[in-house]
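Welcome! Have your viewer open and ready, and let us walk through this structure one selection at a time.

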Amino acid sequence: MFPVKENLRRVLDSLPEGVRLVAISKYHPAEYIMAAYDEGQRVFGESHEQELRQKHEQLPKDIEWHFIGHLQTNKVKYIVPYITMIQSVDSLKLLREIEKQAEKSGRVVKVLLELHIAEEATKYGLTPDALRQLLSDGKWRQMSHVRICGLMMMASNVDDEQQIASEFETGRRLFDEVKQQFFASDDAFCERSWGMSADFPIAVTHGSTMVRIGTDIFGPRVY
Ligand SMILES: *Cc1c(COP(=O)(O)O)cnc(C)c1O
């Protein structure tokens, strides 16, 4: 097995205080997750509904699952009964469906709004203007079964560290802007989920409160 425990320790030791780790376990087997679990890790992230469902059924119930992938509205009902946080909300439509299903389940689901700042055309997420629009439109204020806890973003997949840093700074400025405008008195709005294996050391010096790391812990994914 890939040295999951050693890698997890190394990653955790390198994170400054106040930055939480979401261990991204997509495409990795349950035994890898259990290796990290045995070291004390409880927060894991997955990006496919079916894979998540199987792992949730199979693995300890005190795991906090975060959903980080593109989520179709017709899949929301399957994950809402147990998911802790959906990090990849990028439309009002999706937010409404989460609200509806969470109400049915009698739960409050934490969500992050996913930003699109990177240059890649294929990535999901809200542009800065779409984010402002979604929030100023105000419909989210009536949703008592979703709690908006912050923003999530991916930086461009490039070698240029300046560019990556400047994208995270754009994320941080947007966070500050919307925090002040819409969430000034809401302590729950506090998370900046940025940083993956390739760029988390940059992310933590540019405002990250939560890193999402897969490969550095579990090794390369086998698709
Ligand atoms: C897969 C994935 C990650 C983890 O990527 P690694 O490079 O393996 O650390 C983080 N965030 C999102 C949204 C992902 O899809």
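Begin with the largest nonpolar core, which has 66 residues. A nonpolar core here is a set of buried Ala, Val, Leu, Ile, Met, Phe, Trp, Tyr and Cys residues joined through side-chain atoms within 4.5 Å; buried means under 20% relative accessible area, exposed over 50%, partly exposed in between, with a 1.4 Å probe and protein chains only. Select I86, L95 and I98, the residues with the most contacts inside this core. Helix α7 (residues 161-182) gives the largest share of this core, 7 residues; helices (H or I, at least four residues) and strands (E, at least two) are DSSP runs, numbered from the N terminus.

Before moving on, a word on what you are viewing. This is a predicted model, where local features need pLDDT of at least 70 and side-chain atom pairs count only at pLDDT 80 or more, while totals for chains, interfaces and linings use all residues. Residues are numbered from 1 along each chain as its sequence is written, and side-chain values use heavy atoms, with hydrogens and water left out.

Now stay on I98. Which residues does I98 touch, not counting residues up to four places away in sequence? They are V76, V80, I86, V89, V109, V111 and V146, where contact means heavy atoms within 4.5 Å. Another core, of 9 residues, lies apart from the largest one and has I24, V43, I68 and M85 among its members.

Next, the aromatic rings. The structure holds 6 aromatic pairs: rings of Phe, Tyr and Trp (its six-membered ring) with centres within 6.5 Å, called stacked with planes under 30 degrees apart, edge-to-face over 60 and tilted for the rest. Select F44 and W65: their ring centres are 6.1 Å apart and their planes at 45 degrees, so this pair is tilted. Because F44 lies in strand β2 (residues 43-46) and W65 in strand β3 (residues 64-67), the pair ties together parts that are 21 residues apart in sequence. Then pick F183 and F189, a stacked pair with 3.9 Å centre to centre and 5 degrees between the planes.

Last stop: the ligand. Show K26, whose side chain has an N or O atom 2.7 Å from an oxygen atom of the ligand. A polar side-chain atom of S197 lies 2.6 Å from a ligand oxygen atom, and a backbone N or O atom of G214 is 2.9 Å from an oxygen atom of the ligand.

Note on methods:
A polar contact is a pair of N or O atoms within 3.5 Å; within protein, one must be able to donate a hydrogen and the other to accept it, and residues adjacent in sequence count only if both atoms are side-chain atoms.
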